[in-house]
Amino acid sequence: MNKSKNMNKKRVGIIGSGPSGLAQLRAFEAAKNAGLEVPEIVCFEKQSNWGGMWNYSWRTGVGKYEEPIHGSMYKYLWSNGPKECLEFSDYSFDEHFKKPISSYPPRPVLFDYIQGRIKKSKVRDYIRFDTTVRWVNFNDESKKFEVVLDDLKIDKTYTEEFDYLVVASGHFSTPNMPYFKGIEQFPGQVMHAHDFRGADPYKDQDLLIIGSSYSAEDIGVQCHKHGANSVTLSYRSNPIGVNWPDGIKEVPLLTHFEGDIAHFKDGTSGKFDAVIMCTGYQHKFPFLPDELRLKTKNNLYPNHLYKGVFFNNLPQLIYLGMQDQYYTFNMFDAQIL
Ligand SMILES: Cc1cc2nc3c(=O)[nH]c(=O)nc-3n(C[C@H](O)[C@H](O)[C@H](O)COP(=O)(O)OP(=O)(O)OC[C@H]3O[C@@H](n4cnc5c(N)ncnc54)[C@H](O)[C@@H]3O)c2cc1C
Ligand SMILES: NC(=O)c1ccc[n+]([C@@H]2O[C@H](COP(=O)([O-])OP(=O)(O)OC[C@H]3O[C@@H](n4cnc5c(N)ncnc54)[C@H](OP(=O)(O)O)[C@@H]3O)[C@@H](O)[C@H]2O)c1
């Protein structure tokens, strides 16, 4: 009896065990503990640990199994939003740390907090680590997703079927990398914020940063504090416009390079040692076919998602955390309710 009931159970696949995938897993676990019948759940995670972005990697480029590196965080990253805005409603910072902590914690402290709640459950058992979702096909006859998976550790590809698919793979990993005329002749380092791991290499350098959002501000200030000779932030739409300390300034958009000289829209120019593109990220789902893929820019209301979560054309497909992120961990919990 029980066996046949189990065999008829729906299967839910979750792609990613970052904060949004973990929120989904925890919600199923909580429902189960409350005596509700829950579907069979499998979460696929291409990294060797959970935490998504918060699972810091010193690596850039590709990982030990040649997968593109997911992480865009750096060693000395501190939260840019007050912790009070992302606190779980059922697990406070005070409860986790047993004492009050400051509003803007450093990265490892937030990682510890995220893990604190999840470690109280058994959800780790649902996660297949070192497993990349390679491709997804929706079978119109069976109404199931056929998910092609790579077990990276043993280099084996296999397929499993699911009734529902939750895409919680994040959207701050694939750099948006614009081209500027002459950049191929620039003699110094050119990279994207995705590959930034620390400010020390820019000590005594004249650094050009393109962009005027969170990464530009944070990386610019960090390089200044770690001894960059000068930091110039080049904006496309609007400057950040704060009262910068000596050594940091903002200029309009870069137009082109001549060797190590950068020219800007207002006719000014400057000589630089290195360029960091803080030009944001693309929503990228290389494992999804055209008709299932969310196509959106980074904004608060991505199109094609009912309630910001269910894919309009196929509600069995669920996207978590695809919005630009002000509220994060508690927003993911709310999306799952
Ligand atoms: C530089 C930076 C700083 C940030 N700072 C803050 C901050 O201070 N406070 C804050 O609240 N938020 C911050 N964020 C936002 C951060 O993205 C969220 O806090 C949170 O990590 C998003 O959770 P997520 O689970 O949706 O995505 P992610 O954390 O990106 O996790 C996605 C997971 O999916 C996995 N995955 C991806 N593709 C596949 C695949 N094909 N197969 C299997 N697994 C896959 C990845 O390995 C990863 O583990 C920051 C983001 C960046 C880039
Ligand atoms: N310490 C922290 O907690 C921290 C640090 C860094 C990042 N983050 C998080 O990381 C996420 C991503 O932030 P982000 O700053 O990397 O990306 P973002 O907020 O999407 O900003 C992208 C920036 O790049 C500019 N840009 C895009 N294309 C451009 C082009 N072709 N030429 C010139 N400029 C261009 C944009 O300018 P326009 O305004 O013209 O579009 C914008 O200023 C956010 O959730 C943020 O909170 C957190």
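Biologist: By class, which residues make up the shell around ligand 1?

Modeller: The shell has 18 polar, 12 nonpolar and two charged residues. Keep in mind throughout that this is a predicted model.

Biologist: Which residues of that shell come nearest to ligand 1?

Modeller: There are 32 residues around ligand 1, and those that come nearest are Gly16, Gly18, Gly52, Gly170 and Gly321.

Biologist: Which helix or strand supplies the largest share of the shell?

Modeller: Helix α2 does, with three residues. Two elements each supply at least two residues of the shell: α2, spanning 19-33, and β4, spanning 131-139.

Biologist: Now the chain as a whole. Into which domains is the protein chain divided?

Modeller: Domain 1 is made of two segments, 2-173 and 281-336, while domain 2 covers 177-277. The C-alpha centres of the two domains lie 33 Å apart.

Biologist: How many residues are in contact between domain 1 and domain 2?

Modeller: As a general idea, the size of an interface is often given as the accessible area lost when the parts come together. Here the description is by residue contacts: eight residues of domain 1 touch nine residues of domain 2. On the domain 1 side, the residues divide into four polar, three nonpolar and one charged.

Biologist: Next, strands. How should I read their pairing?

Modeller: In general, strands of a sheet pair through backbone hydrogen bonds, and the pairing is either parallel or antiparallel. For a parallel case, look at β10, residues 206-210, which pairs with β11 over five bridges. Within this pair, Leu207 stands opposite Val231 in β11.

Biologist: Is strand β11 mostly covered or mostly exposed?

Modeller: Strand β11, residues 230-235, is mostly covered, with five of its six residues buried. A residue counts as buried if 20 or more other C-beta atoms lie within 10 Å of its own.

Biologist: And the antiparallel case: what is the order of strands in the open sheet of three?

Modeller: The order is β13-β14-β15, and the pairing is antiparallel. The edge strands are β13, at 254-258, and β15, at 269-271, each of which pairs on one side only. From one strand to the next, the twist averages 25°.

Biologist: How many bridges join β13 to β14?

Modeller: Four bridges join them, with β14 covering residues 261-264 and the two strands running antiparallel.

Key
Residues numbered from 1 in each chain as written. Chains lettered and ligands numbered in written order. Predicted model: local features only at pLDDT ≥ 70, side-chain atom pairs only at ≥ 80, totals over all residues. Pairing = 2+ DSSP bridges. Axes fitted to C-alpha atoms, helices over the stretch in contact; angles between N-to-C directions. Domains from an automatic or database assignment. Contact = placed C-beta atoms within 7 Å. Nonpolar A, V, L, I, M, F, W, Y, C, P; charged D, E, K, R; others polar. Near = placed C-beta within 6 Å. Buried ≥ 20, exposed ≤ 12 C-beta atoms within 10 Å, placed from the backbone.
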